[in-house]
Amino acid sequence: MKILAPVGLACAALLLVAGHSLAATGFHVATTGQASGSGSSSSPWDLRSALNQPSAVHPGDTIWVHGGTYAGTYSTNLNGTSSQPIIVRNWNNERVTIDGENSNGAQIFVIGGSYTWYWGLEVMSSDTLRQSAQDGPWPTDIGRGEGVQIMQTGTSGTGTKFINMIVHDTRQGFSYWTQAADSEIHGSLIYYNGWKGATDRGHGHGAYVQNQTGTKLLSDNIVFRNFSHGFHAYGSDTAFLNNIQYVGNTSFSNGDIGGAYARNFLTGGGSVAQNPVWDANMTWAPWGNEINALGYEAGCTNAKVTSNYLVGSCKSLSVVACTGMTMTGNQFIAQYLPDGFTSADYPSNTFVTSQPTSGVQVFVRKNKYEAGRGNITVYAWDGRSSASVDVSSVLAVGATYEVRNAQNFFGNAVATGTYTGGSITVPLTGLTPSAPVGMAAPASTGAQFNAFVLLTTSGGGGGGGTAPTAHFTNSPSQTTVGQTVTLTDGSTGGPTSWAWTFGDGGT
């Protein structure tokens, strides 16, 4: 299934970056690929072979995964460098599904290696059993495996990025462990992960996070309706919760399909969380439900809580034993005031204890890796049927676009058009969520709250995206071996142009 169709890069290239010559090769994977293939478009690899770093794959290369379903469980051992990551990306934005099926609890996509970017891949389980006959976190009768898991050895996952991933209906979306220092999850959809215990709560988080050295950045993701928490940075007194950053994420209704609303954001556990960042995040749950938590048990130090819009909770934030905290520009909208501090302690914030009944609040977040893509989050307190959204920070005039309901991303677009500048209109009613595997679809969040993904279908994006050092985000069309094209960089912080000479891959 194609979600949209920007043109993809087909073959080997010689890339000139800021005066340095880098050999950047494109390889191919297909559902019909073979371990004995060459990795060309006419002789693709199977996915398992490609993820084990064939001798032909070097830092700076791209492995293009063609559309289709790749059943089973996979582990990766790809090693790029900080300046030349290996990229594993869905070809031409086709739908690439890694389906763990019933894996008897084995993890679906296990990440070893380092400095590899996984981009545009769907990870899920089609196993239909969501109700366990057992309580607790380790039932033996739930066959679905954890979605994306960092291998817990050495420095597995160091420098890894997960970009525009779609991780759903697994045991747990991301098991984002300490080993993956200086890594990132960006622009991803994470939902419907987990299962119900026999008599206890729902289990399975969107992302379970720990970190010791470097940083972990979770940015501009949409995380919703996991069986337990959305973002769950937690651990015992021997775990590390250092330098975990939540930036620009939308997290809502987590826990509801597990039977009880859970926290959209949690940072804290048995050890002190060092230097947590919560910046420009958005939450929602029906009025009177759920509490976001910072510090939680042992507390935190040097937290930065800035410009968040925390809504729809019993208490929008509970802070425990946090010292050296910066808290400015937040809007706390909940039935009760936050606890662990008073509004007088941090006066440069807005505190609201009655549910708004008028107006609309719209947030637009530009994807930093893919030009012409962004997230839209809308709070329509007056229940209006549509909203006007200024998307000039994302779209270029003349681009064609589509808007997808984040709660039904693979359904039909809810708005399309050619961008003429200024604002577009997005519907807020008549939006139906997709059904979790093995369950009926949950109720819509209604007109009051919705989240969307904005995609460019042609014509490029406003302001550009951030391209990898050895790659260009939107690749050129090419059909002729030996053809050379020059690309001008629309992003910031990079060289002004690249020259590509095409090799033997073909289209």
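Apart from its neighbours within four places in sequence, H205 is in contact (heavy atoms within 4.5 Å) with Q172, G173, N193, N226, S228, H229, G230 and H232. The model examined here is predicted, so local features need pLDDT of at least 70 and side-chain atom pairs count only at pLDDT 80 or more, while totals for chains, interfaces and linings use all residues. Residues are numbered from 1 along each chain as its sequence is written, and side-chain values use heavy atoms, with hydrogens and water left out.

H205 sits in the loop between β19 (202-203) and β20 (207-209); strands (E, at least two residues) are DSSP runs numbered from the N terminus. With a relative accessible area of 7%, H205 is buried (under 20%; exposed is over 50% and partly exposed lies in between, with a 1.4 Å probe and protein chains only). Its side chain makes a polar contact with the side chain of S228 at 3.4 Å, a polar contact being a pair of N or O atoms within 3.5 Å in which, within protein, one must be able to donate a hydrogen and the other to accept it, and residues adjacent in sequence count only if both atoms are side-chain atoms. The H205 side chain also reaches the backbone nitrogen of H229 at 3.1 Å.

Elsewhere, strand β21 (residues 216-219) runs parallel to strand β24 (residues 244-247), joined by 4 bridges; two strands pair if DSSP finds at least two bridges between them. Here K216 stands opposite I244. β24 also pairs in the parallel sense with β28 (residues 277-279) over 3 bridges, and V247 stands opposite D279.

Two tyrosines complete the picture. Y192, in the loop between β17 (189-191) and β18 (195-196), has a positive phi near 60° and is buried at 0% relative accessibility. Y296 has a positive phi near 60° too, but is partly exposed at 31%.
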